[in-house]
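Me: I would like a close look at a single part of the structure shown below. Please give one connected answer, starting from that part and then placing it in its surroundings.

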Amino acid sequence: MHLTEDQLNEYLDNETSDRVKIESHLSSCAECAARLSTLQHLFAEIESLPELALTKSLAAPFTLRPSLPAKLPTFLTLTVTLQAAFAVVALIVAAPFVIQLLPAIEMPSLGNVFIQLQTQWTAWLDILSQIQMPKLPTISFQLSSLYLMSTLVVVSVLWLVGNGLLLRNQIK
Amino acid sequence: MYCGYKAYFHYPATFSPRLLYYTLAMIPLTDRDLILQARRGEAQAFGELVTRYQTSVFNICYRILHERGEAEDLAQESFIRAYDRIHTFDIEREFGPWVRRVAVNLCLNHLDSQKVTVELDDERDADSAQLPEAVQEVKERSEQIHHALASLPAQYRVIIELRHYQEMSYEEIAAQLNIPLSDVKSHLFRARKILAEKLHASD
């Protein structure tokens, strides 16, 4: 009784439970040993197929690709949470002391502060009124509203054209 | 070899003493280091991983599809998928087998969506005139193997790929293809029989 094709295949694939039985048969049967060696040769031939080279690098899209947004490491986010918790606890602990200390601090009344600010302001105004402004140079030609309007229009057009030139690449 | 210096100068925000040591000592970064960098958002580090595995991934696609253009597209797609899922990748596992499995799955989906036999591309026939005789013989034999593989039905080709090139066990193949173990065996043995017939006929 010779070995079946399935048995030979499973034996070479290391997927059989009766290795010992198959091996003892192979040692005594030349025909089955020859069939095994043919199959082995086929395996070797399949696996000898050389690898083909790529014509382009597949890495290129990743060097041009915008990077993923970096994630903060967990220890950092944990630190932030801990600090916040610490601050809340500190605030709760400190609250009674602060309330006790507050009346002891002397605060100027709001009215006084306001009066002080106002006197300061009037003093500044006095100084300002005393300053003599230099005389403006006289313009030899008559400015009409027509001139002003046309200048405004020209400047607006220039501004639009200039911006258009600057942004033309982004618009494309 | 990519030694991390590029990443160091481009992304000073992710400074680490380990990276600096590797840079100064010119030690190539491990896959694990590169994955960690890619997770921090450094696409360039992933580019280095792609450079390391692109040939093997492309060849899987090529052996299954037998069409260069499609194989290159699917290999590219495999790496894009892997990059998008880099945060879910288990860092304790190896990157190579993982990305190869992504490629196999993509090829299977592609075959399912196509359901047509693909034309054989004659690339391996080009430039064979000037080669020495021994090299020529090896080349001719590998062409015969290649043609024999290409003539197999797609599901047989996939099983040959998984068993002989990815070295998966019967059970792993059954799980990957979601078919019974008995089908794995019958398809695999049948595929080998066809290959043997074709190759012996051409001897």
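Which residues of α8(B) are buried?

Reply: The model is predicted, so to speak of local features a pLDDT of at least 70 is required, side-chain atom pairs count only at pLDDT 80 or more, and totals for chains, interfaces and linings use all residues. Residues are numbered from 1 along each chain as its sequence is written, while chains are lettered from A and ligands numbered from 1 in the order in which they are written.

In α8(B), the buried residues are B:Ala154, B:Arg157, B:Val158, B:Ile159, B:Ile160, B:Glu161, B:Leu162, B:Arg163 and B:His164. A residue is called buried if 20 or more other C-beta atoms lie within 10 Å of its own, exposed if 12 or fewer do, and partly exposed in between, with C-beta atoms placed from the backbone. Because nine of its twelve residues are buried, α8(B) is largely enclosed by the rest of the structure. The helix itself is a DSSP run; helices (H or I) need at least four residues, strands (E) at least two, and both are numbered from the N terminus. The end C-alpha atoms of α8(B) are 16 Å apart, in agreement with the 16 Å that its twelve residues should span at 1.5 Å a residue; the expected span is 1.5 Å times one less than the number of residues. Just after α8(B), B:Glu167 takes a positive phi of about 50 degrees.

The cover over the buried residues of α8(B) includes α3 (30-47) of chain A, together with α4, α6 (95-114), α7, α9 (170-177) and α10 of chain B. Between the two chains, 32 residues of chain B are in contact with 25 residues of chain A, contact being defined by C-beta atoms, placed from the backbone, within 7 Å. On the side of chain B that touches chain A, α4 (43-65), α5 (68-84), α7 (133-151), α8 (154-165) and α10 (181-201) each supply at least two residues. The largest share, eleven residues, is from α4(B). By type, the residues on this side are 15 nonpolar, twelve polar and five charged; Ala, Val, Leu, Ile, Met, Phe, Trp, Tyr, Cys and Pro count as nonpolar, Asp, Glu, Lys and Arg as charged, and the others, Gly among them, as polar.

Beyond its neighbours within four places in sequence, B:Cys61 is in contact with B:Ala71, B:Leu74, B:Ala75, B:Ala103 and B:Cys107.

As for the chain as a whole, chain B holds ten helices and zero strands, and 31% of its 203 residues count as buried. Of its contacts with a separation of 6 or more, 60% join residues 24 or more positions apart.
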